[in-house]
Amino acid sequence: MAVSASFAFRHLRDPAFIPSCKAASGNMAACMRQSIAKGVTCLLNASRFAPSSLVIPVRTKKRLRLPPRSYDSMEQQQKQLKAAGITMSEEKMAQYITITCTRGIFEPYIPPEGDARMSMLSKEGLLQRTEKLRQTAKSYTAIRKIRESDRDFRIKTFAEKAQEIFIEAHNNLANLNEEKLHSLVTEHCYPEMVQGNERKTIRWSFLESLEPPRVVHVRCPTMLNEDLLYGQVTVRIHIRQILAIYDQFGRLMYGSEQIPKDVLEYVVFERHLLHKTGQWRLHDKIVPSWAPPKDPLIKTVMIPGLIPTPSEA
């Protein structure tokens, strides 16, 4: 250590070494100024405030691209997929469609003219009773077919059950309970029940049953596909009810809440018999040709007049 110190001291006293030290100190100052300039430039750079992004290539799952469709049958499709090196099972290629209800009534029931008013002892009543016996044979055949899928189906108990479904459906319609209404009526009946009810208030209530409900018509036709088997039952319902319809301003458009009305309905109930969770739902309504026309809705409009002053209001 002493030798190194004396060697450094001699070099510091050497006149030739002094200029080299001055040059080194000048270079060091220039380097420091350059470093400071770079640091200031880095601090003033706006890109340093942006979040840094790191792109890492990640391989996603392999996707199969099907060739463009240029076939007319399933066999041609399988050949084309096989040529492209793609194999698909028949279960994935098949498309299943569930039909929960039909679009109408298979064989509509024709109500006898003057029902609930005509005596069965009259001439017209006897003719209608004879026609009813002819239709009863088809109904018994359909009943046996329905009981093969629904063992709990009974004519004597079904009429009361159907009337309960009818009352509950109309109560949920008045209360605007759409979720419950879908479980009580079919997809064919739902649009017809809610059509035109926008911005209206419905007051409906069941008072009493004038006659016991009874089943008048049963049909269960054979479809082209064995998986499609529907049963339709027409129930005669004679009740006393209260119906009142108000517009969006609270003005009465139809009916009355104080005056009850007697109503005779021929309601069709349907069920998908082969469906595991299928149930009887309100499907349609039969309106006889001899039925009197219903009263039209009273359209309320605002009559323009003088604008009242704040003191008059």
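**View 1. The largest nonpolar core of the predicted model.** Among the 34 residues of the largest nonpolar core, those touching the most other members are Phe158, Phe166, Val185, Val233, Val235, Phe269 and Trp280. Such a core is a set of buried Ala, Val, Leu, Ile, Met, Phe, Trp, Tyr and Cys residues joined through side-chain atoms within 4.5 Å; buried denotes under 20% relative accessible area (1.4 Å probe, protein chains only). At least two core residues each are supplied by helices H5 (123-149), H6 (155-174) and H8 (190-194) and by strands S1 (201-219), S2 (230-246) and S3 (252-272). Helices (H or I, at least four residues) and strands (E, at least two) are DSSP runs, numbered from the N terminus. H6 provides the largest share of this core, nine residues.

The model is predicted: local features need pLDDT of at least 70, side-chain atom pairs count only at pLDDT 80 or more, and totals for chains, interfaces and linings use all residues. Residues are numbered from 1 along each chain as its sequence is written, and side-chain values use heavy atoms, with hydrogens and water left out.

View 2. Not counting residues up to four places away in sequence, Val185 touches Ala169, Tyr190, Met193, Arg281 and Leu282 (contact: heavy atoms within 4.5 Å). Another core, of five residues, lies apart from the largest one and includes Tyr109, Val216, Tyr266 and Ile286.

**View 3. Ser139 in helix H5.** Ser139 is located in helix H5 and counts as buried because its relative accessibility is 9%. Beyond residues up to four places away in sequence, Ser139 touches His217, Val218 and Arg219.

Notes. Buried means under 20% relative accessible area, exposed over 50%, partly exposed in between (1.4 Å probe, protein chains only).
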